[in-house]
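Welcome! Please take a moment to look over the sequence and the 3D structure below, and then we will walk through some parts together.

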Amino acid sequence: MSSIGTGYDLSASTFSPDGRVFQVEYAMKAVENSSTAIAIRCKDGVVFGVEKLVLSKLYEQGSNKRIFNIDRHVGMAVAGLLADARSLSEVAREEASSFRSNYGHDIPLKHLSDRVAMYVHAYTLYSAVRPFGCRKNTKQAAKTEIEKLQMKEMTCREIVKEVAKIIYIVHDEVKDKAFELELSWVGEVTNGRHELVPKDVREEAEKYAKDSLEEEDDSDEDNM
Amino acid sequence: MLEETGPEWLSEEVKTGTTIIAIEFNGGVVLGSDSRVSAGDSVVNRVMNKLSPLHDKIYCALSGSAADAQTIAEMVNYQLHVHSLEIDEDPQVRSAATLVFATLNGLLTRQPFAVGGSGSSYVYGFVDAEYRKGMNKEECQQFVVNTLSLAMNRDGSSGGVAYIVSIDEHGTEEKVILGNDLPTFFDQ
């Protein structure tokens, strides 16, 4: 499927002779090559989980966060080019803030995502800029695991552990060694505020994830 | 020689004198106003409806400069219309108030009832004494009508007819009570 887009890939307002827009394809590749980010909506809230690859041992723990706070009730988890994601998070923050300033209440999420989507679309339309290299990503393995869950019946606390487990499952030990698990949630458990999951809950979730993986490894060996 | 400035009422700002009142009950609100618009000593409109819609179920009671109040109400009506299309929902009263506040500045607060306009001074005692928590819609309407009637009787800049708007989950109801149908009190 890969072609050399020489000459036709300089801007998002150019079609190649076979009708492809290479700049948009490149942007999507940036996301595909990125590590996993997932979000699960449960009975009483939403949980985000990100497989944050640690590219160097020199990075401090917790640096290069991929989950952003947009407003007190809104969070954003990203896959793709982190620099583009940071820029978009600023846009989202300004939209949420000016909405509150003009209308006196929390911005409805659908409206915020419409506004950010319009902004991203504008950057795709206008030839003077390049498209943003980030979007919602769905790795197939993660998708399969998520489909197994009964999300509507589970609470945030239960889902946090499942999210950790899914991230650990999709993490490829061979390709990328070290990773940090970033977890955040918003819902009844946090009184409607979007927050990073507290340390003790995160550690419990990671322990559950690691234990579940070991169990599955063991059961695989028995079948041999 | 001093230049003739003509009669005062030609050069004075057109004010709405006014008595306005709003009260909330469990399930809705009732707003009321008089209908007099004065320019100095002259009544230039005796039947103006000072209860202005900002949205289907959000109304605004006007007082002060007639032109300024109407303009702001129309501007906010437009802004709320666009806003409700964007969020695909009915706008909140809080949003309407914030939009007005953004233009006028001042105090934005929520309270069980409020009175305003030149006629309000004459009825603070009445509303403070007669207000009770937990009134239903009909009792609120009666409270509003009584207050307006008393104020219109004493304030020279308030008078005419009484306009009442009642808003609840079922919808918005506009009513007019003509001068001689208003309740009478001592001295009438």
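## Reading the model

Two strands count as paired if DSSP finds at least two bridges between them. Helices (H or I, at least four residues) and strands (E, at least two) are DSSP runs, numbered from the N terminus.

This is a predicted model, in which local features need pLDDT of at least 70 and side-chain atom pairs count only at pLDDT 80 or more, while totals for chains, interfaces and linings use all residues. Residues are numbered from 1 along each chain as its sequence is written, chains are lettered from A and ligands numbered from 1 in the order in which they are written, and side-chain values use heavy atoms, leaving out hydrogens and water.

## A hairpin in chain A

Let us start with a pair of strands. S3(A) and S4(A) run antiparallel and are joined by 4 bridges. Together they form a hairpin, with 2 residues between the strands. Across the pair, A:Ile67 stands opposite A:Ala77 in S4(A).

## Chain B as a whole

Chain B holds 5 helices and 9 strands. Starting at the N terminus, its elements follow the order α-β-β-β-β-β-β-α-α-β-α-α-β-β. The C-alpha atoms of chain B fill a box of roughly 65 × 45 × 25 Å along the principal axes. For 188 residues, a compact globule would have a radius of gyration near 16 Å, and the 18 Å of chain B agrees with this; the radius is taken over C-alpha atoms, and the globule rule is 2.2 Å times the number of residues to the power 0.38.

Of the 188 residues in chain B, 41% are buried. Buried means under 20% relative accessible area, exposed means over 50%, and partly exposed lies in between (1.4 Å probe, protein chains only). A contact means heavy atoms within 4.5 Å. Among the contacts in chain B with a separation of 6 or more, 61% join residues 24 or more positions apart.

## Helix H3 of chain B

H3(B) has 12 residues and reaches 17 Å from its first C-alpha to its last, close to the 16 Å expected at 1.5 Å a residue. That expected span is 1.5 Å times one less than the number of residues.

Which residues of H3(B) are buried? They are B:Ser95, B:Ala96, B:Thr98, B:Leu99 and B:Val100. Their cover includes helix H2 (82-103) of chain A, along with strand S5 (51-55), strand S6 (58-61) and H2 of chain B. After H3(B) comes B:Asn105, whose phi is positive, near 55°.

## Nonpolar cores

A nonpolar core is a set of buried Ala, Val, Leu, Ile, Met, Phe, Trp, Tyr and Cys residues joined through side-chain atoms within 4.5 Å. The largest one has 27 residues, and those with the most contacts inside it are A:Phe68, A:Ile70, A:Met76, A:Leu112, B:Leu54, B:Val76 and B:Leu80. Elements giving two or more residues to this core are strand S3 (67-71), strand S4 (74-77), H2 and helix H3 (109-125) of chain A, together with S6, H2 and H3 of chain B.

Leaving aside residues up to four places away in sequence, B:Leu80 touches B:Leu54, B:His55, B:Ile58, B:Pro91, B:Ser95, B:Ala96 and B:Leu99. A second, separate core of 25 residues includes A:Cys156, A:Ile167, A:Leu181 and A:Leu183.

## Two loop residues

B:Asp88 lies in the loop between helix H2 (66-87) and helix H3 (93-104) of chain B. Its phi is near 60°, a positive value in a residue other than glycine. B:Asp88 is exposed, with a relative accessible area of 62%.

A:Asn191 sits in the loop between strand S5 (179-187) and strand S6 (195-196) of chain A. The phi of A:Asn191 is positive, near 60°, and this residue is exposed, with a relative accessible area of 70%.
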